[in-house]
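Let's walk through a structure together, one question at a time. Please keep the model open as you read.

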Amino acid sequence: MQTRPTSWFDQLRQALTLPPGDLLRDLVYRRLWTSILISSLGGQITMLALPLTAAVLLNASPTQMGLLTAMEIAPFVLFSLPSGVWLDRVRKLPVYVWGETLLAFVVATVPLAHWMGWLSMTWLYVVGFVLGTVYTTAGSAAQIVLTQVVPRSRLVEAHAKNALASSGAEVAGPGFAGALIKVLGAPMALAVDAVLVLISALILRGIKVNEEPVKAKNADFWRDLKAGVQFVRNKRLLVSLATAVGCWQLCHNAAIVVQILFATRTLGLSGQTVGLSYVALGAGTVLTSVMGHRISRRLGPGPCLVLGFAVCGLGWLLLSVAPANAWGVAAFAFMLFTFGIGAVLIFINFLSLRQAVTPAPMLGRMTSTMRWLILIPAGPGALLGGWLGEHFGLRSALAFAGCGALLLALLAWRHATIREVRELPKPDGADDVEAGLGAEAMPGRAPDLIPNK
């Protein structure tokens, strides 16, 4: 008896059907995943519309663009350490929900101020500072909510699905954002982001988790904060990672403050074309999200981290010498593509290494301390990039970032503590560390990967 050949429709339906036991069959996780997808899509709008509002509508100088980026980074430096201790004492889901709600409100003030004729760079500075504050507190809370929704034995699967949601938004989001900017203008496009983030917050409100804040006896805020700093200081690998990634953040922020200006003023790109170019960033992110674990397993986490520095530096350096024609536009897209590859290579290994050496009870404070350390150089990097762009030309800031990242890759390769890490280490004296790995993976907008978010 011959079986009927399977039609293409049946094959498609079979491909789209979730297998038994898939995490997305769980209602609570599905709500969280949907919230991540919607919030990430909105984040792509803000990533383009906010700097375009400053660069095109308000005609911001490179120094002003650097200051805008520095205002988004400042809360990480100011609040990361105390927020880590505070979050250990409160319920995380309400912090996450209220953070998303505040995010929607703050973003919505930009189109409102534009409509009322009040919009200025000072207004954007305040918006940037509040956004950074939300990412510092609610973003850290979001990292922990995932571990309350998903069994620890399935965290790797959850991280992969979250990365797929974020990467999908990075591919589709820039083109969508560019079209909105063309039709509505950059300020009004932010209203769409506000609506998307508000929807994300409403979805999160439907999530149920069982959590009771732990009230430790004889808890002392400053003692607990110093314990986290002391733990990082005593781990040579953590100090080396913080130093290397902090230097990369300096280079990255020197480049990011001028790249929109370079695209619009040197290359003459419209907001829509800039948005389409950013699709290359999503493509690089998706490609490396799929291949990154395989690359890291073959090369080792340390060498893979160094490779990420070099790939980013190559893209920035090539853009700094690109001509102001079609080849320059291609170089801009190529820079975004290489940044997507390099940033993912850096952070999948950076996050894994820092978690691997940390016992579960110390993960929260270690994370806040490491975020604080790596973002201290980010603000000066943004200001330096703006100063170089204004006084020596936009290409000089890109060249500084490219040469700096390539030099960093060389120095990191010569540093045995990083170069010789070929597999994830184990924490000292912690048998239950495996249960804690992955606790810091942040759904949605990831402040470590996009430092000023």
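What follows is a set of questions and answers about this model.

This is a predicted model, in which local features need pLDDT of at least 70, side-chain atom pairs count only at pLDDT 80 or more, and totals for chains, interfaces and linings use all residues. Residues are numbered from 1 along each chain as its sequence is written, and side-chain values use heavy atoms, with hydrogens and water left out.

Q: How many helices and strands are there in the protein chain?
A: Helices (H or I, at least four residues) and strands (E, at least two) are DSSP runs, numbered from the N terminus. By that count the protein chain has 18 helices and 0 strands.

Q: What percentage of the residues in the protein chain is buried?
A: Buried means under 20% relative accessible area, exposed means over 50%, and partly exposed lies in between (1.4 Å probe, protein chains only). The protein chain has 453 residues, and the buried share of them is 54%.

Q: Among contacts between residues at least 6 apart in sequence, what percentage joins residues at least 24 apart?
A: A contact here means heavy atoms within 4.5 Å. Taking the contacts in the protein chain between residues at least 6 apart, the share that joins residues at least 24 apart is 88%.

Q: Is Ile45 buried or exposed?
A: Ile45 sits in helix α2. Leaving aside neighbours within four places in sequence, its contacts include Phe176, Ala177, Leu180, Ala189 and Leu196. Gly178 is 133 residues from Ile45 in sequence, yet 8.0 Å from it in space, C-alpha to C-alpha. With a relative accessibility of 0%, Ile45 counts as buried.

Q: Which non-glycine residue has a positive phi of about 50°?
A: Most residues other than glycine have a negative phi. The residue in question is placed in the loop between α2 (27–57) and α3, and it is exposed, with a relative accessible area of 57%. It is Asn59.

Q: Are α3 and α15 roughly parallel or antiparallel?
A: Axes are lines fitted to C-alpha atoms, for helices over the stretch in contact, and angles run from 0 to 180 degrees between N-to-C directions. The axes of α3 (residues 62–87) and α15 (residues 378–392) come within 7 Å and cross at roughly 175°. Angles under 35 degrees count as roughly parallel, over 145 as roughly antiparallel, 65 to 115 as roughly perpendicular and the rest as oblique, so α3 and α15 are roughly antiparallel.

Q: Which residues of α15 make the contact with α3?
A: On the α3 side, the contact is made by Pro62, Thr63, Gly66, Leu67, Thr69, Ala70 and Ile73. Facing them from α15 are Ala378, Gly379, Ala382, Leu383, Gly386, Trp387, Gly389 and Glu390.

Q: Which side chains meet in a salt bridge?
A: A salt bridge is a side-chain nitrogen of Lys or Arg within 4 Å of a carboxyl oxygen of Asp or Glu. The structure holds 1 of these, with an N to O distance of 3.6 Å.

Q: How far apart in space are Met291 and Ile341?
A: Met291 belongs to helix α11 (residues 279–299) and is partly exposed, with a relative accessible area of 29%. Ile341 is 50 residues away from Met291 in sequence, and their C-alpha to C-alpha distance is 9.9 Å.
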